[in-house]
Number of protein chains: 2
Amino acid sequence: MTADAATRGPGRPRDATIDAKVLDAARDVLVAHGFNGATVQAIAARSGVHASAIYRRWPSRIEIIEQAVFPGLEPVKVRPTGDLRRDVRRFIRAFLAVVGEPAARAAIPGLLATYQSGRLPADEEWLAVSARPLFLDILAAAPAGRVDPAVDPGDVFDVLLGAMLARILVPTVVQRDRPIERLVDLTLRLLQPAATGRRR
Amino acid sequence: MTADAATRGPGRPRDATIDAKVLDAARDVLVAHGFNGATVQAIAARSGVHASAIYRRWPSRIEIIEQAVFPGLEPVKVRPTGDLRRDVRRFIRAFLAVVGEPAARAAIPGLLATYQSGRLPADEEWLAVSARPLFLDILAAAPAGRVDPAVDPGDVFDVLLGAMLARILVPTVVQRDRPIERLVDLTLRLLQPAATGRRR
(Lines give C-alpha, C1' and ligand atoms only; values in the text may rest on other atoms or scores of the structure.)
Protein backbone atom coordinates (compact mmCIF):
# COMPACT_ATOMS: atom_id res chain seq x y z
CA MET A 1 0.00 0.00 0.00
CA THR A 2 1.35 3.44 -0.83
CA ALA A 3 1.68 6.15 1.78
CA ASP A 4 -0.67 9.07 1.47
CA ALA A 5 1.72 11.82 0.41
CA ALA A 6 -0.88 14.56 0.33
CA THR A 7 -1.82 14.37 3.98
CA ARG A 8 1.56 13.45 5.45
CA GLY A 9 2.69 16.89 6.41
CA PRO A 10 1.04 20.16 7.33
CA GLY A 11 0.57 22.70 4.61
CA ARG A 12 0.38 20.24 1.76
CA PRO A 13 -2.56 20.71 -0.64
CA ARG A 14 -5.17 17.96 -0.78
CA ASP A 15 -4.36 15.47 -3.49
CA ALA A 16 -7.46 15.10 -5.66
CA THR A 17 -6.06 12.01 -7.32
CA ILE A 18 -6.35 10.18 -4.01
CA ASP A 19 -10.05 11.04 -3.80
CA ALA A 20 -10.53 9.76 -7.34
CA LYS A 21 -8.63 6.55 -6.59
CA VAL A 22 -10.75 5.86 -3.53
CA LEU A 23 -14.05 6.59 -5.32
CA ASP A 24 -13.06 4.45 -8.31
CA ALA A 25 -12.09 1.62 -5.99
CA ALA A 26 -15.38 1.98 -4.09
CA ARG A 27 -17.33 1.50 -7.33
CA ASP A 28 -15.25 -1.55 -8.23
CA VAL A 29 -15.72 -3.10 -4.80
CA LEU A 30 -19.49 -2.40 -4.86
CA VAL A 31 -19.82 -4.25 -8.15
CA ALA A 32 -17.58 -7.13 -7.05
CA HIS A 33 -18.71 -7.59 -3.46
CA GLY A 34 -21.95 -5.68 -3.03
CA PHE A 35 -22.88 -3.07 -0.45
CA ASN A 36 -21.94 -5.16 2.57
CA GLY A 37 -18.57 -6.02 1.05
CA ALA A 38 -17.74 -2.37 0.39
CA THR A 39 -15.89 -1.77 3.65
CA VAL A 40 -13.18 0.83 4.18
CA GLN A 41 -10.65 -2.01 4.42
CA ALA A 42 -11.74 -3.45 1.08
CA ILE A 43 -11.72 0.00 -0.54
CA ALA A 44 -8.26 0.67 0.93
CA ALA A 45 -6.91 -2.60 -0.42
CA ARG A 46 -8.38 -1.99 -3.87
CA SER A 47 -7.28 1.64 -4.14
CA GLY A 48 -3.85 1.32 -2.60
CA VAL A 49 -4.77 4.23 -0.30
CA HIS A 50 -4.22 3.49 3.38
CA ALA A 51 -7.35 3.23 5.53
CA SER A 52 -6.11 5.97 7.85
CA ALA A 53 -5.85 8.35 4.89
CA ILE A 54 -9.35 7.38 3.84
CA TYR A 55 -10.70 8.11 7.31
CA ARG A 56 -9.12 11.56 7.19
CA ARG A 57 -11.29 12.29 4.16
CA TRP A 58 -14.60 10.54 4.91
CA PRO A 59 -16.26 9.76 8.26
CA SER A 60 -17.32 6.27 7.15
CA ARG A 61 -17.82 3.99 4.20
CA ILE A 62 -21.35 5.35 3.79
CA GLU A 63 -20.17 8.81 2.74
CA ILE A 64 -17.65 7.23 0.35
CA ILE A 65 -20.37 5.12 -1.24
CA GLU A 66 -22.78 8.06 -1.52
CA GLN A 67 -20.13 10.13 -3.25
CA ALA A 68 -18.86 7.28 -5.42
CA VAL A 69 -22.27 6.41 -6.75
CA PHE A 70 -23.84 9.87 -6.99
CA PRO A 71 -21.15 12.30 -8.06
CA GLY A 72 -23.80 14.94 -8.63
CA LEU A 73 -25.74 12.98 -11.28
CA GLU A 74 -23.91 14.92 -14.00
CA PRO A 75 -25.34 12.78 -16.80
CA VAL A 76 -28.82 13.91 -15.83
CA LYS A 77 -27.99 17.49 -16.72
CA VAL A 78 -30.13 17.67 -19.80
CA ARG A 79 -30.75 21.16 -21.13
CA PRO A 80 -34.49 21.69 -21.59
CA THR A 81 -35.52 22.31 -25.18
CA GLY A 82 -39.17 23.19 -24.59
CA ASP A 83 -40.33 19.97 -26.29
CA LEU A 84 -41.92 18.45 -23.19
CA ARG A 85 -42.10 14.84 -24.34
CA ARG A 86 -38.57 14.90 -25.66
CA ASP A 87 -37.18 16.56 -22.54
CA VAL A 88 -39.00 14.17 -20.19
CA ARG A 89 -37.75 11.22 -22.23
CA ARG A 90 -34.13 12.44 -22.08
CA PHE A 91 -34.46 13.11 -18.37
CA ILE A 92 -35.81 9.63 -17.64
CA ARG A 93 -33.17 7.97 -19.80
CA ALA A 94 -30.35 9.93 -18.18
CA PHE A 95 -31.57 9.24 -14.65
CA LEU A 96 -32.06 5.53 -15.33
CA ALA A 97 -28.55 5.37 -16.79
CA VAL A 98 -27.14 6.75 -13.53
CA VAL A 99 -29.12 4.60 -11.10
CA GLY A 100 -28.92 1.58 -13.38
CA GLU A 101 -25.10 1.48 -13.28
CA PRO A 102 -23.98 -1.74 -11.57
CA ALA A 103 -22.27 0.14 -8.71
CA ALA A 104 -25.37 2.27 -8.13
CA ARG A 105 -27.71 -0.74 -8.28
CA ALA A 106 -25.54 -2.43 -5.68
CA ALA A 107 -25.37 0.65 -3.48
CA ILE A 108 -28.86 2.15 -3.49
CA PRO A 109 -30.75 -0.49 -1.47
CA GLY A 110 -27.92 -0.61 1.06
CA LEU A 111 -28.02 3.15 1.42
CA LEU A 112 -31.81 3.10 1.75
CA ALA A 113 -31.41 0.48 4.50
CA THR A 114 -28.91 2.70 6.28
CA TYR A 115 -31.33 5.61 6.16
CA GLN A 116 -34.11 3.51 7.73
CA SER A 117 -32.02 3.23 10.87
CA GLY A 118 -32.06 6.98 11.28
CA ARG A 119 -28.81 8.07 9.62
CA LEU A 120 -29.80 10.54 6.93
CA PRO A 121 -27.84 11.24 3.75
CA ALA A 122 -24.89 13.60 4.08
CA ASP A 123 -26.39 15.60 1.24
CA GLU A 124 -30.06 16.13 1.90
CA GLU A 125 -30.77 16.14 -1.80
CA TRP A 126 -29.24 12.68 -2.13
CA LEU A 127 -30.58 10.75 -5.08
CA ALA A 128 -32.07 13.91 -6.41
CA VAL A 129 -28.93 16.02 -6.76
CA SER A 130 -29.50 18.08 -9.87
CA ALA A 131 -32.39 15.81 -10.84
CA ARG A 132 -35.24 17.52 -8.97
CA PRO A 133 -34.26 21.08 -10.03
CA LEU A 134 -33.65 19.85 -13.57
CA PHE A 135 -37.10 18.27 -13.73
CA LEU A 136 -38.65 21.52 -12.52
CA ASP A 137 -36.66 23.40 -15.20
CA ILE A 138 -38.01 21.05 -17.86
CA LEU A 139 -41.58 21.72 -16.77
CA ALA A 140 -40.94 25.46 -16.66
CA ALA A 141 -39.65 25.32 -20.25
CA ALA A 142 -42.75 23.51 -21.54
CA PRO A 143 -45.08 25.39 -23.90
CA ALA A 144 -48.15 27.00 -22.33
CA GLY A 145 -51.04 24.60 -21.84
CA ARG A 146 -48.95 21.43 -21.62
CA VAL A 147 -48.53 21.43 -17.83
CA ASP A 148 -51.59 21.77 -15.64
CA PRO A 149 -50.91 24.59 -13.16
CA ALA A 150 -53.03 22.67 -10.63
CA VAL A 151 -50.36 19.96 -10.43
CA ASP A 152 -47.47 20.29 -8.00
CA PRO A 153 -44.31 19.55 -10.03
CA GLY A 154 -42.51 18.39 -6.89
CA ASP A 155 -45.20 15.78 -6.30
CA VAL A 156 -44.86 14.58 -9.89
CA PHE A 157 -41.10 14.34 -9.41
CA ASP A 158 -41.57 12.21 -6.28
CA VAL A 159 -43.84 9.80 -8.15
CA LEU A 160 -41.47 9.63 -11.13
CA LEU A 161 -38.47 9.12 -8.82
CA GLY A 162 -40.21 6.17 -7.18
CA ALA A 163 -41.24 4.74 -10.53
CA MET A 164 -37.68 4.99 -11.87
CA LEU A 165 -36.20 3.37 -8.77
CA ALA A 166 -38.77 0.58 -8.96
CA ARG A 167 -37.71 -0.11 -12.57
CA ILE A 168 -34.16 -0.69 -11.31
CA LEU A 169 -34.73 -2.29 -7.91
CA VAL A 170 -38.07 -4.09 -7.60
CA PRO A 171 -37.94 -7.53 -9.22
CA THR A 172 -41.65 -7.61 -10.11
CA VAL A 173 -41.20 -4.36 -12.05
CA VAL A 174 -37.75 -5.18 -13.47
CA GLN A 175 -39.10 -8.45 -14.85
CA ARG A 176 -41.94 -6.71 -16.67
CA ASP A 177 -39.26 -4.79 -18.57
CA ARG A 178 -41.66 -2.22 -20.01
CA PRO A 179 -40.41 0.22 -22.63
CA ILE A 180 -39.18 3.50 -21.18
CA GLU A 181 -41.69 5.26 -23.45
CA ARG A 182 -44.50 3.91 -21.24
CA LEU A 183 -43.07 5.80 -18.31
CA VAL A 184 -42.72 8.89 -20.49
CA ASP A 185 -46.41 8.55 -21.45
CA LEU A 186 -47.48 8.22 -17.82
CA THR A 187 -45.38 11.17 -16.74
CA LEU A 188 -47.03 13.35 -19.40
CA ARG A 189 -50.42 12.12 -18.17
CA LEU A 190 -49.56 13.34 -14.69
CA LEU A 191 -48.86 16.77 -16.11
CA GLN A 192 -51.62 17.23 -18.66
CA PRO A 193 -54.52 19.57 -17.97
CA ALA A 194 -57.65 17.69 -16.94
CA ALA A 195 -60.35 17.05 -19.53
CA THR A 196 -63.32 18.56 -17.75
CA GLY A 197 -62.02 19.56 -14.39
CA ARG A 198 -61.09 17.04 -11.75
CA ARG A 199 -64.01 14.88 -10.69
CA ARG A 200 -64.53 13.93 -7.07
CA MET B 1 -41.58 -19.82 1.45
CA THR B 2 -41.78 -22.50 4.10
CA ALA B 3 -40.57 -26.00 3.51
CA ASP B 4 -43.35 -28.28 2.42
CA ALA B 5 -44.43 -30.39 5.37
CA ALA B 6 -44.42 -33.42 3.09
CA THR B 7 -40.67 -33.08 2.54
CA ARG B 8 -39.85 -33.20 6.22
CA GLY B 9 -40.05 -36.92 6.22
CA PRO B 10 -42.28 -39.23 8.17
CA GLY B 11 -43.39 -38.32 11.63
CA ARG B 12 -45.39 -35.70 13.36
CA PRO B 13 -47.53 -33.15 11.55
CA ARG B 14 -46.10 -29.69 11.16
CA ASP B 15 -46.55 -27.47 14.20
CA ALA B 16 -47.96 -24.16 12.98
CA THR B 17 -47.30 -22.47 16.30
CA ILE B 18 -43.58 -22.88 15.68
CA ASP B 19 -43.91 -21.05 12.35
CA ALA B 20 -45.79 -18.24 14.07
CA LYS B 21 -43.19 -17.99 16.84
CA VAL B 22 -40.36 -17.76 14.35
CA LEU B 23 -42.11 -15.16 12.18
CA ASP B 24 -43.06 -13.05 15.22
CA ALA B 25 -39.48 -13.23 16.45
CA ALA B 26 -38.18 -12.27 13.01
CA ARG B 27 -40.31 -9.12 13.05
CA ASP B 28 -39.08 -8.23 16.54
CA VAL B 29 -35.45 -8.77 15.59
CA LEU B 30 -35.85 -6.71 12.39
CA VAL B 31 -37.17 -3.77 14.39
CA ALA B 32 -34.53 -4.12 17.11
CA HIS B 33 -31.46 -4.93 15.04
CA GLY B 34 -32.27 -4.16 11.41
CA PHE B 35 -31.95 -6.37 8.36
CA ASN B 36 -28.32 -7.30 8.92
CA GLY B 37 -29.01 -8.22 12.53
CA ALA B 38 -31.88 -10.52 11.59
CA THR B 39 -29.82 -13.70 11.40
CA VAL B 40 -31.17 -17.19 11.94
CA GLN B 41 -29.23 -17.31 15.22
CA ALA B 42 -30.83 -14.09 16.44
CA ILE B 43 -34.28 -15.27 15.37
CA ALA B 44 -33.67 -18.63 17.09
CA ALA B 45 -32.62 -16.93 20.32
CA ARG B 46 -35.62 -14.60 20.25
CA SER B 47 -38.18 -17.27 19.39
CA GLY B 48 -36.88 -20.07 21.56
CA VAL B 49 -37.00 -22.32 18.48
CA HIS B 50 -33.73 -24.11 17.81
CA ALA B 51 -31.85 -23.03 14.67
CA SER B 52 -31.88 -26.58 13.32
CA ALA B 53 -35.69 -26.59 13.51
CA ILE B 54 -35.76 -23.25 11.72
CA TYR B 55 -33.52 -24.56 8.93
CA ARG B 56 -35.88 -27.51 8.48
CA ARG B 57 -38.60 -25.00 7.64
CA TRP B 58 -36.80 -22.26 5.69
CA PRO B 59 -33.69 -22.42 3.48
CA SER B 60 -32.28 -19.16 4.86
CA ARG B 61 -33.06 -16.03 6.82
CA ILE B 62 -34.15 -14.34 3.59
CA GLU B 63 -37.21 -16.56 3.17
CA ILE B 64 -38.09 -16.06 6.84
CA ILE B 65 -37.89 -12.28 6.47
CA GLU B 66 -39.94 -12.29 3.26
CA GLN B 67 -42.66 -14.30 4.92
CA ALA B 68 -42.53 -12.39 8.20
CA VAL B 69 -42.89 -9.01 6.57
CA PHE B 70 -45.26 -9.87 3.72
CA PRO B 71 -47.72 -12.43 5.00
CA GLY B 72 -49.80 -11.98 1.88
CA LEU B 73 -50.51 -8.28 2.43
CA GLU B 74 -53.87 -9.17 3.93
CA PRO B 75 -54.62 -5.60 5.01
CA VAL B 76 -54.53 -4.54 1.39
CA LYS B 77 -57.52 -6.70 0.61
CA VAL B 78 -59.95 -3.87 0.11
CA ARG B 79 -63.18 -4.82 -1.59
CA PRO B 80 -63.76 -2.49 -4.56
CA THR B 81 -66.91 -0.37 -4.22
CA GLY B 82 -66.92 1.17 -7.69
CA ASP B 83 -66.14 4.62 -6.28
CA LEU B 84 -62.75 4.96 -7.96
CA ARG B 85 -61.31 7.75 -5.83
CA ARG B 86 -62.44 6.11 -2.63
CA ASP B 87 -61.15 2.68 -3.65
CA VAL B 88 -57.77 4.04 -4.78
CA ARG B 89 -57.47 5.97 -1.51
CA ARG B 90 -58.22 2.86 0.57
CA PHE B 91 -55.80 0.82 -1.50
CA ILE B 92 -52.96 3.32 -1.07
CA ARG B 93 -53.62 3.67 2.67
CA ALA B 94 -53.69 -0.08 3.18
CA PHE B 95 -50.52 -0.68 1.19
CA LEU B 96 -48.64 2.11 2.94
CA ALA B 97 -49.74 0.69 6.30
CA VAL B 98 -48.18 -2.66 5.39
CA VAL B 99 -44.88 -1.38 3.97
CA GLY B 100 -44.68 1.40 6.55
CA GLU B 101 -44.63 -1.06 9.49
CA PRO B 102 -41.28 -0.80 11.29
CA ALA B 103 -40.35 -4.41 10.53
CA ALA B 104 -41.21 -3.94 6.84
CA ARG B 105 -39.31 -0.65 6.62
CA ALA B 106 -36.30 -2.37 8.10
CA ALA B 107 -36.60 -5.36 5.79
CA ILE B 108 -37.47 -3.95 2.37
CA PRO B 109 -34.18 -2.26 1.45
CA GLY B 110 -32.24 -5.28 2.66
CA LEU B 111 -34.39 -7.57 0.55
CA LEU B 112 -34.01 -5.27 -2.47
CA ALA B 113 -30.24 -5.40 -1.95
CA THR B 114 -30.36 -9.18 -1.86
CA TYR B 115 -32.27 -9.24 -5.12
CA GLN B 116 -29.64 -7.04 -6.83
CA SER B 117 -27.12 -9.81 -6.35
CA GLY B 118 -29.23 -12.13 -8.45
CA ARG B 119 -31.26 -14.03 -5.87
CA LEU B 120 -34.89 -13.45 -6.78
CA PRO B 121 -37.82 -13.53 -4.36
CA ALA B 122 -39.13 -16.97 -3.49
CA ASP B 123 -42.56 -15.72 -4.44
CA GLU B 124 -42.35 -13.95 -7.77
CA GLU B 125 -45.17 -11.65 -6.79
CA TRP B 126 -43.23 -10.49 -3.75
CA LEU B 127 -44.18 -7.00 -2.62
CA ALA B 128 -47.21 -7.21 -4.80
CA VAL B 129 -48.90 -10.24 -3.29
CA SER B 130 -52.60 -9.54 -3.58
CA ALA B 131 -51.83 -5.87 -4.28
CA ARG B 132 -51.43 -5.98 -8.07
CA PRO B 133 -54.55 -8.11 -8.68
CA LEU B 134 -56.49 -6.01 -6.19
CA PHE B 135 -55.50 -2.81 -7.97
CA LEU B 136 -56.64 -4.29 -11.27
CA ASP B 137 -59.94 -5.30 -9.62
CA ILE B 138 -60.44 -1.74 -8.41
CA LEU B 139 -59.95 -0.38 -11.93
CA ALA B 140 -62.29 -3.02 -13.36
CA ALA B 141 -64.98 -1.95 -10.86
CA ALA B 142 -64.73 1.74 -11.82
CA PRO B 143 -67.68 3.35 -13.60
CA ALA B 144 -67.44 3.59 -17.38
CA GLY B 145 -65.46 6.57 -18.58
CA ARG B 146 -63.29 6.96 -15.49
CA VAL B 147 -60.41 4.78 -16.67
CA ASP B 148 -58.87 5.43 -20.07
CA PRO B 149 -58.80 2.12 -21.97
CA ALA B 150 -55.57 3.32 -23.62
CA VAL B 151 -53.76 3.06 -20.29
CA ASP B 152 -52.16 -0.21 -19.20
CA PRO B 153 -53.32 -0.78 -15.61
CA GLY B 154 -50.21 -2.85 -14.90
CA ASP B 155 -48.00 0.09 -15.88
CA VAL B 156 -50.00 2.36 -13.59
CA PHE B 157 -49.57 -0.15 -10.77
CA ASP B 158 -45.79 -0.20 -11.31
CA VAL B 159 -45.62 3.59 -11.08
CA LEU B 160 -47.85 3.66 -8.00
CA LEU B 161 -45.82 0.88 -6.37
CA GLY B 162 -42.63 2.87 -6.88
CA ALA B 163 -44.25 6.05 -5.59
CA MET B 164 -45.52 4.28 -2.46
CA LEU B 165 -42.14 2.71 -1.75
CA ALA B 166 -40.43 6.08 -2.24
CA ARG B 167 -42.78 7.61 0.37
CA ILE B 168 -41.52 5.04 2.86
CA LEU B 169 -37.87 4.59 1.88
CA VAL B 170 -36.40 7.63 0.11
CA PRO B 171 -35.42 10.35 2.60
CA THR B 172 -35.98 13.22 0.16
CA VAL B 173 -39.56 12.03 -0.36
CA VAL B 174 -40.20 11.01 3.25
CA GLN B 175 -39.13 14.44 4.44
CA ARG B 176 -41.58 16.20 2.11
CA ASP B 177 -44.32 14.32 3.94
CA ARG B 178 -47.01 15.12 1.38
CA PRO B 179 -50.62 14.23 2.15
CA ILE B 180 -51.66 10.82 0.86
CA GLU B 181 -54.47 12.55 -1.05
CA ARG B 182 -51.85 14.03 -3.41
CA LEU B 183 -50.86 10.53 -4.42
CA VAL B 184 -54.53 9.63 -4.84
CA ASP B 185 -54.94 12.67 -7.12
CA LEU B 186 -51.93 11.73 -9.21
CA THR B 187 -53.06 8.12 -9.53
CA LEU B 188 -56.44 9.28 -10.84
CA ARG B 189 -54.63 11.54 -13.29
CA LEU B 190 -52.78 8.53 -14.64
CA LEU B 191 -56.10 6.82 -15.25
CA GLN B 192 -58.28 9.60 -16.59
CA PRO B 193 -59.19 9.77 -20.26
CA ALA B 194 -57.13 12.36 -22.11
CA ALA B 195 -58.67 15.77 -22.78
CA THR B 196 -58.20 15.92 -26.52
CA GLY B 197 -56.33 12.77 -27.35
CA ARG B 198 -52.70 12.31 -26.43
CA ARG B 199 -50.41 14.83 -28.05
CA ARG B 200 -47.03 13.83 -29.42
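How many aromatic pairs does a search of the whole structure find over all chains?

## Aromatic pairs and clusters

The search of this predicted model finds 8 aromatic pairs over all chains, where rings of Phe, Tyr and Trp (its six-membered ring) pair if their centres lie within 6.5 Å, and planes under 30 degrees apart count as stacked, over 60 as edge-to-face and the rest as tilted.

In chain A, F91(A), F95(A), F135(A) and F157(A) form one aromatic cluster. Rings also take part in another kind of arrangement: R61(A) lies over the face of F35(A), at 4.4 Å from the ring centre, and R61(B) lies over the face of F35(B), at 4.4 Å from the ring centre. A charge sits over a ring if NZ of Lys or CZ of Arg is within 6 Å of the ring centre and within 35 degrees of the ring normal.

## How the two chains meet

A rotation of 180° with 0.0 Å of shift along its axis superposes chain A on chain B, with an RMSD of 0.0 Å. The two copies are thus related as by a two-fold rotation axis, the superposition being made by least squares on the C-alpha atoms of residues with pLDDT of at least 70 in both.

In the interface, 54 residues of chain A are in contact with 54 residues of chain B, contact meaning heavy atoms within 4.5 Å. Because 100% of the interface residues of chain A are also interface residues in chain B, the copies meet through the same surface. The area buried between chain A and chain B is about 4600 Å², of which carbon and sulfur atoms give 56%; buried area is the accessible area (1.4 Å probe) that two parts lose on being put together, summed over both.

## Salt bridges

Over all chains the count comes to 28 salt bridges, each being a side-chain nitrogen of Lys or Arg within 4 Å of a carboxyl oxygen of Asp or Glu. Between chain A and chain B the count is 12 salt bridges, among them one in which the side chains of R178(A) and D155(B) meet at 2.7 Å, N to O.

Within chain B, the side chains of D19(B) and R57(B) meet in a salt bridge at 3.0 Å, N to O. This pair links distant parts of the chain, with D19(B) in helix α1 (residues 16-37) and R57(B) in helix α3 (residues 51-57), 38 residues apart. D19(B) counts as buried at 12% relative accessibility, and R57(B) counts as buried at 5%.

## Basis of the values

Residues are numbered from 1 along each chain as its sequence is written, and chains are lettered from A and ligands numbered from 1 in the order in which they are written. In this predicted model local features need pLDDT of at least 70, side-chain atom pairs count only at pLDDT 80 or more, and totals for chains, interfaces and linings use all residues, while side-chain values use heavy atoms, with hydrogens and water left out.

Definitions and conventions
Helix = DSSP H or I, 4+ residues; strand = E, 2+ residues; numbered from the N terminus. Buried < 20%, exposed > 50% of the residue type's maximum accessible area, 1.4 Å probe, protein only.
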